Every structure is written in structure tokens, then in C-alpha cells.
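Grab a viewer and work through the exercises below. Each one has a task, then a solution in steps.

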Amino acid sequence: MHQERRRAFITAVAIAAPILATAAVQLAATLAAWLLRAREAALRRQLPYIVSLAVGVLLATALLHLLPEAIDQLGNRRLTWALTGGAMVALFAAERLFFVISGTGAEPEVGEPCAEHHHQHTPQGAKPAALILASMLHSFVDGAAVAVAFLTSPRIGWLTALAIALHEIPHRMGDFALLVHLKVPLPRALRLTLYAGLPSFLGLAAVLFAGAHSASTIAWLLPISAGSFLYIATVNLLPELERESRLSRVLLQLTCLTAGAGLVVLVGNLGG
Ligand SMILES: [Zn+2]
């Protein structure tokens, strides 16, 4: 009986941790978007450094944790790598098709504002609904990634949550700034920004449900999760840093990127 209660407690903690992590990530991203309203100029200057940190954390989490764990569980076989590459191609295909059909991008620009060029950065004919729908699809994948990671190990779970928080903060700020730019009233823009993150709980629930029924399915989601992190870091985020031309800021961005990767190595080494 005591054993049973103990097992129930461990299960409850295992389910509560990813839910808590996802809630924290969404709260931080929405709060960041809300803060953007008050101190836009100051926050926008910091964004490239948050993006740099996110690139480091995403790359290191994918390459040092998710992929090695996938190979441990599935073996170093072609299918593991095919799933990683397949996830990258699938995300590219989804974003491109969404862009062509709706006329909006999945990851809005978050760089420094430049008044006269702003219209070139804004996807032509971007519609608020399409923009939020794209972010909703993205946050579904994020929520699933958190659940996969927590089912693998709590340490990888928290690292994944950090990787997601760091890229969701600039992503959601970008959404919010673009909505305001599209003349969406502020309260509605904030509401839409909040809705954009809600499907992450659906992704989380789907994976927890699948994991409860067959634990072996989760291992196959690890290379997919790694592929999505590699894609977000290299395709969505790195190009945003390429616009910087001042040496001191480039060096600071590289430092932040290295610090992000170093943080993952550090957390990975804690407790062996
Ligand atoms: Zn994300």
C-alpha cells in the first residue's frame, strides 16, 4: 500500500513538472510581450542577445542531450538521423506552405526597428489571425518537446523548457510588435499573444497521453524534437543576428551564444 502511494506520488510529480515548466514558459513569454509595450526601445536592444543565448541553448540541448539520448535508446541507425533531418524539412515545408497560403511568416522579425525599412520586414499582407495561427502551430510543437524531454529525464526536461523560453520570449515579442504594427488594439494584441501559447498545453497533453500508453513511442520523438531545435536555431534565429554590423555587438552576441551552450554543458554535468 505504501509502495503504491509512493508510485502514485512519483507519477503525479512526473506529470506536474512538464505542466509547470510549460506554464512558466508561456507566462514569461506573454509577460515579456506585455513589457515590450512600456519600454519598447530598451527591450528591442536586448533582443539580439536573448536570441543569441537561445541559439546556444537550443544547439547544445539538441546536440549534447536530445540526440545522444535518442541514440542511447534507439541505436545509431539511419532512421534516427532520418527523423532528425525529416523534422527539419517538415518544419521548413510547413512554414513555407503557410507563408504562401496565408501571406504571413511563422517567426516574425524581432531585430531592431528601422522606421523606413519596416514595411520590407513585415510580411506583405500579414493578417493577425494567420500570424497567431502560425504561432499556435509552433507552440504545439514546443509543448510536445517539453513533454518528450521530461519523460526522458527531468534534467533534459528543464533544459528543454529553458531552450523554449529563451526563443519564445523574442518570438512572442515579435508577434506582439507586429500585431501593434498592424494596428490591432493593445488589449486584443495581448490577448492574441496569450492565445498563441495555449496550444503548447495540447502538445504537452498529447505526448503525456501517448507516453502513458506506450513508453517506447517517446524515444522516437527525441530525434524529431532535436531536429526542430536545430531548425529553430539555424533557420529562424541565426539569420536575425546576421544584420548586426557593429563589431562590439557581434562580439557580445557571440559571447551570449557561447554562454548559452556553456550553460547547457554546466547543467548537463551537474550530478554526473
Ligand atoms: Zn518555440
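**Exercise 1.** Find the helix that holds Gln253, and work out whether Gln253 is buried or exposed, or something in between.

*Solution.* Gln253 sits in helix 10 (residues 247-269); helices here are DSSP runs of H or I with at least four residues, numbered from the N terminus. A quick caution before going on: this is a predicted model, where local features need pLDDT of at least 70, side-chain atom pairs count only at pLDDT 80 or more, and totals for chains, interfaces and linings use all residues. Residue numbers start from 1 along each chain as its sequence is written.

Next, count neighbours. Buried takes 20 or more other C-beta atoms within 10 Å of the residue's own, exposed 12 or fewer, and partly exposed is in between, with C-beta atoms placed from the backbone. Gln253 has 18 C-beta neighbours inside 10 Å, so Gln253 is partly exposed.

Last, look at its partners. Skipping residues up to four places away in sequence, Gln253 touches Pro48, Tyr49, Ser52, Leu241 and Glu244 (contact: backbone-placed C-beta atoms within 7 Å). Pro48 is 205 residues from Gln253 in sequence, yet their C-alpha atoms are 7.0 Å apart.

**Exercise 2.** Work out how helix 5 is oriented against helix 6 and helix 7.

*Solution.* Axes are lines fitted to C-alpha atoms over the stretch in contact, and angles run from 0 to 180 degrees between N-to-C directions. Under 35 degrees counts as roughly parallel, over 145 as roughly antiparallel, 65 to 115 as roughly perpendicular, and the rest as oblique.

- Helix 5 (residues 128-152) and helix 7 (residues 186-197) have axes that come within 7 Å and cross at roughly 30°, so helix 5 is roughly parallel to helix 7. The residues of this contact are six nonpolar, three polar and no charged. (Nonpolar: Ala, Val, Leu, Ile, Met, Phe, Trp, Tyr, Cys and Pro; charged: Asp, Glu, Lys and Arg; polar: the others, Gly among them.)
- With helix 6 (residues 154-181), the angle is about 170° and the axes are 8 Å apart, so helix 5 and helix 6 are roughly antiparallel. That contact has 12 nonpolar, four polar and three charged residues.

**Exercise 3.** Check the length of helix 8 against its residue count.

*Solution.* The expected span is 1.5 Å times one less than the number of residues.

Key: Helix = DSSP H or I, 4+ residues; strand = E, 2+ residues; numbered from the N terminus. Contact = placed C-beta atoms within 7 Å.
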